[in-house]
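Student: I have a structure here that I have not looked at before. Can we go through it together?
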Amino acid sequence: MGARKTTRAFEKDKAAFFAKCRAEHAPCWICGQPIDYTAAKNTTDDSYSMDHFLPVSTHPDMQFDPAGFRPSHTNCNRARGNKDPYQPIGRLSRVWADESAM
């Protein structure tokens, strides 16, 4: 894999996304736990790391699309690697059963 490319617009979009996530205390999209926004980015397991919904290595055309940015822990992002996002197969039966009683 070659070096990833960047642009000023991409850096600006990443900074705006980080500011929004920090202001909203957005949790990690992978594990759902709080992110330590006080730590420098990508320095500790719980620090902020911008992830892409679709891995850049398999979807390079989506790298600059802000709609694909996700807040994550540095550790969760590393552990996910270039795997596609988890896709649930449907609603849980308990949810379905509870809704059908209404």
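Student: Is Lys20 buried, partly exposed or exposed?
Tutor: This is a predicted model. In it, Lys20 has a relative accessible area of 47%, so Lys20 is partly exposed.

Student: What does Lys20 pair with?
Tutor: Lys20 forms a salt bridge with Glu24, at 3.8 Å from N to O. Both residues lie in helix α1, four residues apart, or about one turn of the helix.

Student: Why does that spacing matter in a helix?
Tutor: An α-helix has 3.6 residues a turn, so residues three or four places apart point the same way.

Student: And Glu24, buried or exposed?
Tutor: Glu24 counts as exposed, because its relative accessibility is 51% and the cut-off for exposed is over 50%.

Student: How many salt bridges does the structure hold?
Tutor: It holds three. Another of them joins Lys14 and Glu11, with the closest N and O atoms 3.3 Å apart. Lys14 and Glu11 are three residues apart in helix α1 (residues 8–24), so about one helical turn separates them. Lys14 is partly exposed at 24% relative accessibility, and Glu11 is partly exposed at 36%.

Student: What about the bridge of Asp51, which residue is on the other end?
Tutor: Arg80 is the partner, and the N to O distance is 2.8 Å. This pair links distant parts of the chain, with Asp51 in strand β1 (residues 48–52) and Arg80 in helix α2, 29 residues apart.

Student: Are those two buried or exposed?
Tutor: Asp51 counts as buried, with a relative accessibility of 5%. Arg80 counts as buried too, at 10%.

Student: Arg78 next. Where is it found?
Tutor: Arg78 is in helix α2, which covers residues 74–80. Its relative accessible area is 55%, so Arg78 is exposed.

Student: What does Arg78 touch?
Tutor: Not counting residues up to four places away in sequence, Arg78 touches Asn42 and Asp45. Arg78 and Ser49 are 29 residues apart in sequence, and their C-alpha atoms are 9.3 Å apart in space.

Student: Back to α1. How many residues does it have?
Tutor: Helix α1 has 17 residues and reaches 24 Å from its first C-alpha to its last. That is close to the 24 Å expected at 1.5 Å a residue.

Student: Which residues of α1 are buried?
Tutor: They are Phe10, Phe17, Phe18 and Cys21. These residues cover an arc of only 100 degrees around the axis, so they sit on the same side of α1.

Student: What do they pack against?
Tutor: The buried residues of α1 pack against β1 and β2 (69–73).

Student: And which exposed residues are on the face turned away?
Tutor: That face of α1 carries Arg8, Lys12 and Ala23.

Student: What comes just after α1?
Tutor: His25 does, and His25 takes a positive phi of about 50 degrees.

Student: How many residues make up the largest nonpolar core?
Tutor: There are 12 in all, including Phe10, Cys28, Met50, Phe69 and Cys76. Helix α1 and strand β1 each supply at least two residues of this core. The largest share, four residues, comes from α1.

Student: Ala26 is in that core too. What is Ala26 in contact with?
Tutor: Leaving aside neighbours within four places in sequence, Ala26 is in contact with Cys21, Ile35, Tyr37 and Pro71.

Technical notes: Residues numbered from 1 in each chain as written. Predicted model: local features only at pLDDT ≥ 70, side-chain atom pairs only at ≥ 80, totals over all residues. Heavy atoms only, no water. Buried < 20%, exposed > 50% of the residue type's maximum accessible area, 1.4 Å probe, protein only. Contact = heavy atoms within 4.5 Å. Salt bridge = Lys/Arg side-chain N within 4 Å of Asp/Glu carboxyl O. Expected span 1.5 Å × (residues − 1). Arc of directions from axis to C-beta. Core = buried A, V, L, I, M, F, W, Y, C linked by side-chain atoms within 4.5 Å.
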